[in-house]
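Here is a short note for someone opening this entry for the first time. The points below can be read alongside the sequence and the model.

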Amino acid sequence: MKIVVLAAGTSTERAVSIVSGTGICRALRANGHQAILVDIFSGWKEADPETAFDDAYDIDEAVRYINSFNDHLEEEIASRREFFGPNVLELCRRADIVFLALHGANGEDGKVQAAFDLLGIRYTGTDYLSSAISMDKSRTKQVFHEEGISTPRGITVFRGEKRRSSAEFGLDLPLIVKPCCGGSSVGVSICHTDEELAKGLDIAFRLEESALIEEFIEGDELTCAVIDREAYPIVLICPKTGYYDYTNKYQAGCTDEFCPAPIPEEKTKEIQALAIKANDALGILGYARFDFLMRRSDKKIYCLECNTLPGMTPTSLVPLEASVVGMDYVSLCEKLIEVSMKKYRKEA
Ligand SMILES: Nc1ncnc2c1ncn2[C@@H]1O[C@H](COP(=O)(O)OP(=O)(O)O)[C@@H](O)[C@H]1O
Ligand SMILES: [Mg+2]
């Protein structure tokens, strides 16, 4: 198949996305596909869409080209109106499918998916609406409440609103503050006092208009992928220090991961069932990864969020879960294409 692996972009997760995209593109090429790696924002100026998929393609050169844009991204964003880079749509139109290796804003939030639907471009992962709802943790929470899916108690607040104390919010300290549409723990604060709450809101509002204040759940961090409505083995995530922040997520050696999670069988079943319930409640098509906390005091399970384009670097959590059921990275990439094509068959 002719496949464009779309990566990079302008979100806070650009760097991770480049690693995800490189891994996916290499795997698909190793499996015989005509796969090319393209930065959705910077595009590929020299590409001739007619011949871009030919054998002469050099992925190392593509990675160098994409990384050459990293340092002057801000100026480029300020000077441009269109998000799609040179030749991006032309290349995507010629592909049999576009593998979305994007993370975060303008990639994971449904906008690209909606545009591609209108352009008749096929892509991996879920549709625009479930992407948009899942991107916003406040909207996700509303759906979880509706469907009786256990999630930490929380309140959505907006920039410019009158500031309140934890008591005025009706929440007990400690609390967690996070931007509603962030990812990779960027802008997340743990607040033990009302001063820290005010500071946490400042941090979140620097990034976004709205923030979520949640009760802090002391316990174990778990995650579970759902592919084609099937829950995969759970990962127990143990940062060596602190919580699962950006450094602990991406710096090698900072976090231990255990898969399958060494937790009681009935807890595994409970989390997997909750993951599928959350998957269906949000209307996920194809695949997604759900983050959970298990409270230490009473082992109660809480669903934190749904990641509709979860990390796909060769050492990411979804590839780890797949490997436990005997699916290697190359087979996983193929599987994600296969399950993503189903949404087009339904329309036929
Ligand atoms: N209510 C909470 N209680 C305790 N820790 C939390 C809570 N919400 C988030 N965290 C911590 O912050 C991390 C990031 O939060 P999450 O909601 O998964 O957002 P994202 O991964 O999109 O940044 C979690 O993995 C967890 O370590
Ligand atoms: Mg998360």
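1. The model is a predicted one. An open sheet is built from three strands, which run in the order 2-1-3 with parallel pairing. Strand 2 (34-39) and strand 3 (97-100) lie at the edges, and each of them pairs on one side only. On average, and ignoring direction, neighbouring strands of this sheet are turned by 25 degrees against each other.

2. Strand 1 (residues 2-7) is joined to strand 2 by six bridges in the parallel sense. Val 5 has its bridge partner in strand 2, namely Leu 37. In general, the strands of a sheet pair through backbone hydrogen bonds, in either a parallel or an antiparallel way.

3. The chain is divided into three parts: domain 1 (2-123), domain 2 (153-215) and domain 3 (219-347). The centres of domain 2 and domain 3, taken over C-alpha atoms, are separated by 25 Å.

4. Where domain 2 meets domain 3, five residues of domain 2 are in contact with five of domain 3. The domain 2 side of this contact has three nonpolar and two polar residues, and no charged ones.

5. Ligand 1 is surrounded by 18 residues, the closest being Pro 152, Glu 214, Ile 217, Tyr 243 and Tyr 244. Strand 5 (175-179), strand 12 (287-295) and strand 13 (301-307) are the elements that give two or more residues to this shell.

6. Which classes of residue make up the shell around ligand 1? Nine are nonpolar, four polar and five charged. Domain 2 and domain 3 each supply at least three residues to the shell.

Key
Residues are numbered from 1 along each chain as its sequence is written. Chains are lettered from A and ligands numbered from 1 in the order in which they are written. This is a predicted model: local features need pLDDT of at least 70, side-chain atom pairs count only at pLDDT 80 or more; totals for chains, interfaces and linings use all residues. Two strands pair if DSSP finds at least two bridges between them. Helices (H or I, at least four residues) and strands (E, at least two) are DSSP runs, numbered from the N terminus. Axes are lines fitted to C-alpha atoms, for helices over the stretch in contact, and angles run from 0 to 180 degrees between N-to-C directions. A residue is near a molecule or strand if its C-beta atom, placed from the backbone, lies within 6 Å of it. Ala, Val, Leu, Ile, Met, Phe, Trp, Tyr, Cys and Pro count as nonpolar, Asp, Glu, Lys and Arg as charged, and the others, Gly among them, as polar. Domain bounds come from an automatic or database domain assignment. Two residues are in contact if their C-beta atoms, placed from the backbone, lie within 7 Å.
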